[in-house]
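Keep the viewer open as you read.

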Amino acid sequence: MPCALLGDRASGKTTFLGLLYSAQVKYGTGVQDDFRFHAPIGSLNLMSAVYEGMKDGRFPSATLKEEITELGFIFGYLRKVVGKLPYYIRQQNWARPFSTLRFSAYDVSGEDIEEFIETGIASRPLIQQLLKSVVVVVLVDCSKMTTDIDTPAYKKMLRYDSTVAKLLVAFQTYKRQEYDRLKDSGVKAEAPRIYPAFVLSKFDTLKDDVLARLGLHRGFPENKRARKDYAEALLRVFVPQTLSQIRGGKIAGVSMDKAAYFLSWVRTEQHEGMEPVGQSKIVRTGFAPEGGGEPDFSYDEYVEFIEHFRDIAHKIPDEVLEAEKFQAQALARAA
Amino acid sequence: MSGKATFLSLLYATQVKSGSDASDDFRFHADVDSLDEISEAFEQLMSGSFPDSATKEGMRGITFHLGYRRAGRGVLSRFRSRRWASGGSIALHFILVRDVEKEMSRFRLGSSFTNANLREVLESDAIAILVDSTKLGHRPEDGTVGPMDRYDTAVESLLSAAQRSRPRGGRRSIHPIVVFSKFDSVDPKALRAANLAGAPPDAKKTGPRSAYAEALLESSLPRTIERVRARDRDASSFAKPSYFFSSVRTEAASADRRAKIRLRRTNGGGWEPDYSADEYRALLERLWTIASNAGE
């Protein structure tokens, strides 16, 4: 099932993917073996290059990012029933052992949405992918969160908010129309549902004065409800249109209520009283028997991210199959 | 220049604020075309600027779908689109009449070029009349044309035309909504001349508020107010009008800079235009009530 990962330019998408790769390497090679990760060769080359660079303490370079046009990866979750089968059967393709989610990452730009709104034609890959998706992951760059209204970062965040809100509304409208079309064809379909997730990227760069003004502490809570409150307190200030349109999905007949929130950070070297010259260096964990020399990042959050989509992945294939079946029925009737 | 774009942008800003609030008792959805038009204006407001001419030009019609999570709100209405939990939702379609004087002049002449939008306005359930408060109370002593006379004539004829377009004895009322825009810049002399206080009575005190508003309109929009008041006399199709006062605090323009909207801190730590938010919330509630009852 396709899923869209949206982020502004320089919002930390490549770093996010590199860290996700790092997390999946660790998590996906655990003894439990109920999660797998796959990426097309182009994306894998990039992600592993990013990962290797991070192990050397470097953030991905601009050249590296430009080398690739499409970034994607697949999550595979072992289906519960299959997990109980003997190992040999589990390994057979006909058993369809894994529920999968196929992510593609895109730069969000105003032009994509403008063209779609004006022409109604989804010619750009971002729009095509988005319209097919049931999962949308939105990266929100915390380094652009400022309460100083005269800065370019403030205006960039305003623009990003408008663009993402428009994308989501276009997405809701499309899903609703598809649903209505199926219903009009006499097909009984489930009301459309979209699963949004927000990743607060570069969380370590979030300024203290911003947190203080919002009445938030630096640590991200563990409790699910508290995480939601914390993240929404930030999103309400910096991407209010997006948040209001996610909530408004219900009014549009497309539920987007099951939003989840994650954060991403990588610890960087700090020199007291000094501003770093050039790109800051990533702090790495020390060597130990269980591994080391890894970038010091929010690993637990990435595991949460991976796990969050497990239930969705198990659920979605059925819905998709149903939808495909309905579409086939509708076509047959039309013929 | 009556502030239509600013008015709609502030209405949108009120919805964004209420719709992203933690209390979650209000939600709204904007049509994608509408969002495309209004989000640009929202960005400008949030940066301390009034909508620029390109943004205003691009604004044609705006549709919002509103939902309140309140018991007893789920009424049968032809405006209701989708259910949200225990409540319902309604659709508000704002049609912008760019130049009401020109449009009505064409309409009176029976021009076939009459704006299609205007025909839609005549069929609508509510007509929001924006009154530029900076023009209130300026009546020339020599009896020549006042700054609002032409507007008054145009609005009055619009209301008459809307009334005529309704079938006699029909149940659908026209709800006049008068919005005093730029009320923070009203000439104090206009208020004194009408023997009024500096601020209007609270939105909940409908009687005193109507009296306050009508006292202002009597001198500047006499034909309009007369048309609306005639509802009691000749059983016209007008419902009781409602009145709202819009204001946005600004930083004065200088030689090299246009007037800027003053931004204020919100409870959540962000920014919002320093405007009459309570008035806009009350207006949204009113629109909700009108739309909910429209199809009963």
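In chain B, 71% of the contacts with a separation of 6 or more join residues 24 or more positions apart; two residues are in contact if their C-beta atoms, placed from the backbone, lie within 7 Å. This is a predicted model, in which local features need pLDDT of at least 70 and side-chain atom pairs count only at pLDDT 80 or more, while totals for chains, interfaces and linings use all residues. Residues are numbered from 1 along each chain as its sequence is written, and chains are lettered from A and ligands numbered from 1 in the order in which they are written.

The secondary structure of chain B comes to ten helices and ten strands (DSSP runs numbered from the N terminus: H or I of at least four residues for helices, E of at least two for strands). Of the 296 residues in chain B, 40% are buried. Buried here stands for 20 or more other C-beta atoms within 10 Å of the residue's own, with C-beta atoms placed from the backbone.

Next, the domains. Chain B is assigned domain 1 (1–96 + 249–296) and domain 2 (97–247), with bounds from an automatic or database domain assignment. Their contact takes 18 residues from domain 1 of chain B and 22 residues from domain 2 of chain B. On the domain 1 side, helix 1 and helix 10 (277–294) of chain B each give two or more residues, and helix 10 of chain B has the largest share, eight residues.

Now for the interior. In general, nonpolar side chains tend to be buried together in soluble globular proteins. The largest nonpolar core here has 158 residues, and A:Leu6 and A:Phe198 have the most contacts inside it; such a core is a set of buried Ala, Val, Leu, Ile, Met, Phe, Trp, Tyr and Cys residues joined through C-beta atoms within 7 Å. Helix 8 (residues 152–184) of chain A supplies the largest share of this core, ten residues. Among the residues that A:Phe198 touches are A:Val138, A:Leu235 and A:Tyr261.

Have a look at helix 7 (residues 125–132) of chain A too: its buried residues are A:Leu126, A:Ile127, A:Gln129 and A:Leu130. Seen down the axis of helix 7 of chain A, they fall within an arc of 165°, so they line one face of the helix; the arc is that of the directions from the helix axis to the C-beta atoms.

Finally, the two chains meet: 31 residues of chain B are in contact with 29 residues of chain A. Helix 2 (32–46) of chain B gives the most to the chain B side, with eight residues.

Key:
Buried ≥ 20, exposed ≤ 12 C-beta atoms within 10 Å, placed from the backbone. Lists of a residue's contacts leave out its neighbours within four places in sequence.
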